[in-house]
Amino acid sequence: MMFVGGVILDESVLFQVRGGAGVLIRKLHRSNIPTAICYGLDLSAHKVSELKRMAVEYSCECFLLNASMDDAVNQISTAWSDVGGSILYVVSHNKDSFRKLNCHWPVIVVGVEGVSACDNSTMLYINKLEELPLTICRLNKKAIGDAQIVGYIMKPSREEDFAKRGAFPMYPTPNRLIFLPLTFEIPLSSQLKEVDVILHKATDEIVSIELGSSSESCTRITYTTGMQEVQRFMEDHSDFVVIDPLDNIFSVLDRLKIQLILLGLQDLNVEGCRTIRAPHFLKVNNFSVLDLAQRLSEAKLSFPSIVKPQVACGVADAHSMAIVFGVQDFKDLSVPLPAVVQEYVNHSSTLFKFYVLGENVFHAVKKSTPNSENLMKSYERNGLRPIMFDSLKSLPTDTENGNSGDVVSFKVDDLDLGLVKDAAKWLAGKLDLTIFGFDVVIQEGTGDHVIVDVNYLPSFKEVPKDIAIPAFWDAIKTNFESRKTERATRTLSP
């Protein structure tokens with residue numbers, strides 16, 4: 001069988017699963033697999049109307065399969081003249097008329113338990129419609145031979161960000177990767193045994209985080225039930241390729257650990273050249289301690305400063321922050337404890353977002369928070385109260401001075417790209433991560449490049465997709481091949 005070039009969903013399966021059908025059609029559409037809905041003459045006008053509405057909503061075709069199957073086949077073949085692969089007809093086991101189509105297309109019958117999904121070349125059986133992506137990926141791998149299936153897991157909104165840019169095709173990429181959306185709707189064991197690589201945004205599946213008592217202590221993370229199953233699979237298959245191992249993301253979950261790691265940036269600096277560094281910082285367990293002012297001074301912190309929860313992501317309030325302008329602002333501060341007080345760097349409202357995708361480093365520039373003098377005006381207008389904000393939703397701005405958060409232009413000479421790329425390579429080695437991002441600001445006056453945030457598996461949506469997506473695929477492929485080489489070397493070693 002050729003790889004899957006198109007999918008026709010019979011109305012019998014769509015009305016059977018209801019809500020899940022839209023999710024599936026969207027995944028197929030985002031994967032650039034032509035998808036159609038079909039129905040027969042015996043369907044009620046109300047249901048036909050509902051199918052047509054669904055087709056419009058999910059940008060797919062809608063065909064009438066009349067008594068003359070040859071006419072229907074010709075109609076679909078004309079519409080999909082350049083499909084370039086086999087068309088799968090997906091139908092419920094309750095519908096007898098699908099047998100007429102056996103001579104035209106491979107048929108996937110939904111609702112049959114205990115039968116192999118690939119009994120022969122023209123009739124395939126699955127239990128649930130949610131198994132269709134797994135079946136498509138399996139068929140595509142069989143067709144191409146030496147492809148790797150990448151099973152990925154992340155929250156739907158993040159998956160949508162990646163998928164709408166073409167990052168997760170179910171057909172082979174130029175470097176022979178096939179992307180399978182892992183789902184908790186069917187047993188994970190049946191999916192995981194088919195994949196070669198796991199890509200995860202495990203921070204989307206965190207239920208709770210217990211920080212260690214010191215910077216050297218391990219962070220204890222509790223994941224959702226589904227992610228725990230994935231975690232057990234990874235632990236039971238230690239040679240399995242994971243982008244990236246769960247232990248490797250611990251550092252980006254803890255702002256204190258990241259700050260401590262970033263202190264090592266000083267080793268990259270050369271006298272007489274521009275400097276890249278960590279911001280000054282202080283961990284605080286209690287905002288009411290009497291010597292807080294002294295401790296802030298000893299940590300080289302002045303006002304304003306930014307206060308962040310030590311837990312960086314994956315739990316409620318991880319992005320609840322404050323900008324404080326004096327010791328008095330810590331009284332009754334609602335930022336979760338323990339917290340990290342971080343230097344606020346005047347940076348002309350310009351933020352440089354860097355994305356590391358394997359060996360490739362990309363960057364984009366965005367408008368950021370205003371300088372301290374403009375923040376002070378907001379502080380005064382706010383009744384001398386700390387400026388509270390959620391960094392995922394919106395950043396503090398000074399709208400009266402035109403700081404709206406839009407993308408801005410900047411002088412190329414302001415950014416020492418070589419220095420930051422050296423830092424990116426150094427950071428990738430320290431964190432042992434394949435795909436991550438970090439934010440850089442340039443301090444007014446000194447020109448210091450300061451890394452103020454690090455995050456795992458960002459969407460890198462500011463980078464053009466024709467550049468970023470191939471680099472994303474290459475990063476995954478390179479990691480897979482590197483791990484495979486390591487395994488072969490261990491096997492050959494005495």
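1. In this predicted model, Val-150 stands opposite Phe-179, a residue of E8. The strands E7 and E8 run parallel and are joined by 5 bridges. Helix H5, residues 132-144, packs on the sheet and touches both E7 and E8, with a direction that makes about 165° with that of E8. Helix H8, residues 225-236, also packs on the sheet, where it touches E7, strand E9 (197-200) and E12, and its direction makes about 140° with that of E9.

2. The sheet concerned is open and has 4 strands in the order E8-E7-E9-E12, with parallel pairing. Its edge strands are E8 (177-181) and E12 (241-243), each of which pairs on one side only. From one strand to the next, the twist averages 25°.

3. Another open sheet consists of 5 strands in the order E13-E22-E21-E18-E19, and here the pairing is mixed. Strand E13 (276-277) and strand E19 (360-367) stand at the edges with a single partner strand each, so one side of each is left without a neighbour in the sheet.

4. Within this mixed sheet, strand E18 (residues 350-357) and strand E21 (residues 435-442) run antiparallel and are joined by 6 bridges. Leu-357 stands opposite Ile-435, which belongs to E21. Helix H13, residues 417-431, packs on the sheet and touches E13, E18, E19, E21 and strand E22 (449-456), while its direction makes about 140° with that of E21.

5. The second largest pocket holds about 680 Å³ of space. Its lining is made up of 27 residues, of which Val-23, Lys-27, Glu-159, Leu-182 and Thr-183 are the closest to the centre of the pocket. By class, the lining has 15 nonpolar, 9 charged and 3 polar residues.

6. Which elements each supply at least two residues of the lining of the second largest pocket? They are helix H2 (19-30), strand E7 (148-153) and helix H6 (156-163), and the largest share, 6 residues, comes from H2.

Key: Residues numbered from 1 in each chain as written. Predicted model: local features only at pLDDT ≥ 70, side-chain atom pairs only at ≥ 80, totals over all residues. Heavy atoms only, no water. 1 Å grid on protein atoms, 1.4 Å probe; cavity = no way out; pocket = protein on both sides within 12 Å on 5 of 7 lines; lining within 4 Å. Points joined across faces, edges and corners; volume = space filled by probe spheres on them. Nonpolar A, V, L, I, M, F, W, Y, C, P; charged D, E, K, R; others polar. Pairing = 2+ DSSP bridges. Axes fitted to C-alpha atoms, helices over the stretch in contact; angles between N-to-C directions. Contact = heavy atoms within 4.5 Å.
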